[in-house]
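Trainee: I would like to learn how to read helices, packing and backbone features in a structure. Could you take me through one, please?

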Amino acid sequence: MAKPKSAYSIPTKKGKLDTHIFVVWVDNEAGVLARVVGLFSGRGYNIESLAVAEVDATKNISRITIVTTGTPQVIDQIKLQLKKLVPVHKVADFKREDKKVIFKEMALLKVVGNKKKIEKTLKACKSFNPVILDKTKKSVVIQITALRREIDKMSKKLKPFGLTSTSRTGAIAMTRGAEVFR
Amino acid sequence: MSKLYTGAEIVFKCLEDQDVEFIFGYPGGAVLPIYDELKNHSSIKHILVRHEQGAGHAAEGYARSSGKPGIVLVTSGPGATNVVTALTDAYMDSIPLVCISGQVPTHLIGTDAFQECDTTGITRPCTKHNWLVKDIKDLSKILHEAFRVATTGRPGPVLVDIPKDIQFAKTNYFKPKNEKKINGKIHNKFSQDEINDLIGLISNAKKPVIYSGGGVINSGPKASEALREFVRLTGFPITSTLQGLGAFPGDDNQFIGMLGMHGTYEANNAMHDCDLLINIGARFDDRITGKIDEFSPKSKKVHIDIDPSSINKIIKVDLAIVGDVNEVLKSAIKKINKKQNGSKISNKQKISKWWEQIQKWRTKNSLGYINSNKTIKPQYAVQRLYELTKNKDTFITTEVGQHQMWAAQHYKFNKPNRWMTSGGLGTMGYGLPAAVGVQIAHPDKLVIDIAGEASVLMTMQEMSTAVQYNLPIKIFVLNNQYMGMVRQWQELLHEKNYSESYSEALPDFVKLAEAYGCKGIKADNPEDLDIKIKEMVDYNGPVIFDCQVDPNENCFPMIPSGKPHNQMILGPNDKKENKISAKGKALV
């Protein structure tokens, strides 16, 4: 096929896709999540995970953490577009590889199976701060906290042991050390 | 305890404190309390349109020509959805609008009540911000904030949705606060280092070009003055986007015409071959850039814009200056003056060869066309209209299509705010209501909508508005019986399969004019054109001018899809075949 020809902005050179984590501080008001999410869907950006909750009840501030992928140009646009939204106070953007930032995701895992399988499950979860929230003779609900990809792996690994349902929070992030993002 | 006001009263108190003179609107059930209050506020005049889209475009015309925000008042449900096109149009072209919409009472929201719709949900992507007022105590604060958001930074439309019970509820009124620093959404903190870098690039350039846009108009008349001074000081050639026309005089020798898809040969070639590109208040729109990969390949690029998200969005630039155009230019001019007194190096000598090249391109006369003494050529009609109205301070609006491009090419603008056109969204039906708004803002000026017969029929009902308020707008219809731009693309891309682009049953525009109670004029002969244009201009009242033009004329020059700036088609004189690839076709 001939070289793609267009008078329009079709990316012929596709840049490398990076995974970034955006942390967005917003006024906790009606519709604010729709504004942020609508920005992503309207401009064709991708959301891998989303976590949101109020973090400051007196100032009415919510913190939204979004994991997304895009070319450096797209990542730049996401940040600038987010900053334009009226209820957005500040936007932080971290590369997933960034060593100065802690990323964590929590998951609840329900495993249904015999004693042996449950034991195997608990052993497999060992390095991810497992907390047993509920246990019966045939089942267990475990809470683990880990990186996204670790939880991905665990979901696969636990399938043969009787993993029946998984509930995940989406990644949240915080910088290491005494520094606070302004 | 101060006096308590109803929501409807608060709306008007806010409008008064924001110095609003005109509202463009249409009543309905959910805004009746506000309409009821109208009679108590003599400083605010309501203009009753015939369709809410017309209200939005009229407010856009008002805003674009006056520099003040346009105010729209509509009811819930269909009132709000009808205004969506105009809001989107204003969003794309950065026009400040404040739209107030009625909503069903708070307790009925979410119940699919009569004339209910999720107005804030629907308008979220086409406004800078919107608000649903759920508590009467928030109303005055929200309305003042709405004006602030609409008019500051990169301007744009906002919407405030007010449920009917809130319009009846009572509370205190708060005046707008005189705040100076605003929430970090305004970006005007460029540094002197950036200005120094700009001056450095300017003094090293051998083939520079300035590309200015609508941001100069939005920055106010002072920005246009600064731009003129900047261009004179540097001696650089300047081209303009569709929205930027008028910021720099169109008949000045340093102006090399509009650029982009239907821009001049000299402007597009200068963009392609330059070594320094200074973008002032424009956004590298796809109608401007042509093929991105081959856009201005040899140049250093500077981008001056108030919106940080415009920087590097489409084209990566070497120097970005985020700030108000006027401030940045003033700062740059100061620096240049200082420098030129110190050293004698003048750019003007360095770039003399570049100007010679530009003169060569100019000799192509890319806006040329083959005139006829039998049929009126649309380009000729626009040229005659220009010649016969250029001595008046004329305001031009347009619809969207071929006529719009011919107007941009052949009507020369010497002042900002005289040119109102739908560039970003490309809304057919924009021009007539926009002319209504322009005439409201400038009652004694000549306002002409250069229209196409297909576009103008989309909002033709607003003639009734023009008649009601004695607005002497002139609707100059270049009638070629086709959706001309659609027909042109079909000719070039789809083997002349003119699928649905011919209007079989057009109205008799003269009779239509008479039916609305205004004057109709028809011209079908080049000989009579001047006399008839004069008749139109001299008539004290609204006119629909049916200018019957050659139906087969195409708009040239043009950059065909899939081609960069330096591969333009040059009209009937250009024999070279310029084939458009199959891939290019898909991307129109």
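Mentor: Gladly. Let us begin with burial: a residue counts as buried if 20 or more other C-beta atoms lie within 10 Å of its own, and as exposed if 12 or fewer do. Keep in mind that this is a predicted model.

Trainee: Which residues are buried in helix H3 of chain A, residues 115-125?

Mentor: In H3(A), Ile118(A), Thr121(A) and Cys125(A) are buried. Around the axis they cover an arc of only 55°, which puts them on the same side of H3(A). The general idea is this: an α-helix has 3.6 residues a turn, so residues three or four places apart point the same way.

Trainee: What does the face turned away from the buried side of H3(A) carry? And what covers the buried residues?

Mentor: The face turned away carries the exposed residues Lys115(A), Lys116(A) and Lys123(A). The cover over the buried residues of H3(A) includes strand E5 (101-112), strand E7 (139-146) and helix H4 (148-158) of chain A.

Trainee: How would I check the length of a helix, say H2 of chain A, residues 72-84?

Mentor: At 1.5 Å a residue, the 13 residues of H2(A) should span 18 Å, and the end C-alpha atoms are 19 Å apart, which agrees. The buried residues of H2(A) are Val74(A), Ile75(A), Gln77(A), Ile78(A), Gln81(A) and Leu82(A). Seen down the axis, they fall within an arc of 160°, so they line one face of H2(A). They pack against strand E1 (18-27), helix H1 (32-42), strand E3 (61-70) and strand E4 (88-95) of chain A.

Trainee: How do I describe two helices that pack together?

Mentor: Two packed helices are described by the angle between their axes and the distance between the axes. In chain B, helix H17 (residues 378-389) and helix H24 (residues 526-538) pack at an angle of about 45°, with their axes 10 Å apart. That makes H17(B) oblique to H24(B), and the crossing is right-handed. Among the residues that meet are Tyr380(B), Ala381(B) and Arg384(B) in H17(B), and Pro526(B), Leu529(B) and Asp530(B) in H24(B).

Trainee: What is the angle between helices H12 and H16 of chain B?

Mentor: Helix H12 (residues 265-273) and helix H16 (residues 352-362) of chain B pack at about 140°, with axes 8 Å apart. Angles over 145 degrees would count as roughly antiparallel, so H12(B) is oblique to H16(B). Their crossing is right-handed. The contact is made by Tyr265(B), Glu266(B), Asn269(B) and Ala270(B) of H12(B) with Ile358(B), Trp361(B) and Arg362(B) of H16(B).

Trainee: And the backbone?

Mentor: Most residues other than glycine have a negative phi, and most peptide bonds are trans. Asp112(B), although not a glycine, has a positive phi of about 60°. This residue lies in the loop between strand E5 (97-103) and helix H6 (119-123) of chain B. Asn417(B) also is not a glycine and has a positive phi of about 65°; its loop runs between helix H18 (402-410) and strand E16 (419-420) of chain B.

Trainee: Is each of these buried or exposed?

Mentor: Asp112(B) has 9 C-beta neighbours inside 10 Å, so it counts as exposed. Asn417(B) has 22 inside 10 Å, so it counts as buried.

Trainee: Which peptide bond is cis, with omega near -5°?

Mentor: The bond from Phe556(B) to Pro557(B) is cis. Pro557(B) lies in the loop between strand E20 (543-548) and helix H25 (582-586) of chain B.

How values were computed
Residues are numbered from 1 along each chain as its sequence is written. Chains are lettered from A and ligands numbered from 1 in the order in which they are written. This is a predicted model: local features need pLDDT of at least 70, side-chain atom pairs count only at pLDDT 80 or more; totals for chains, interfaces and linings use all residues. Helices (H or I, at least four residues) and strands (E, at least two) are DSSP runs, numbered from the N terminus. The expected span of a helix is 1.5 Å times one less than its number of residues. The arc is that of the directions from the helix axis to the C-beta atoms. Two residues are in contact if their C-beta atoms, placed from the backbone, lie within 7 Å. Axes are lines fitted to C-alpha atoms, for helices over the stretch in contact, and angles run from 0 to 180 degrees between N-to-C directions. Angles under 35 degrees count as roughly parallel, over 145 as roughly antiparallel, 65 to 115 as roughly perpendicular and the rest as oblique. A crossing is left-handed if the near helix is turned anticlockwise from the far one by less than a right angle, and right-handed if clockwise.
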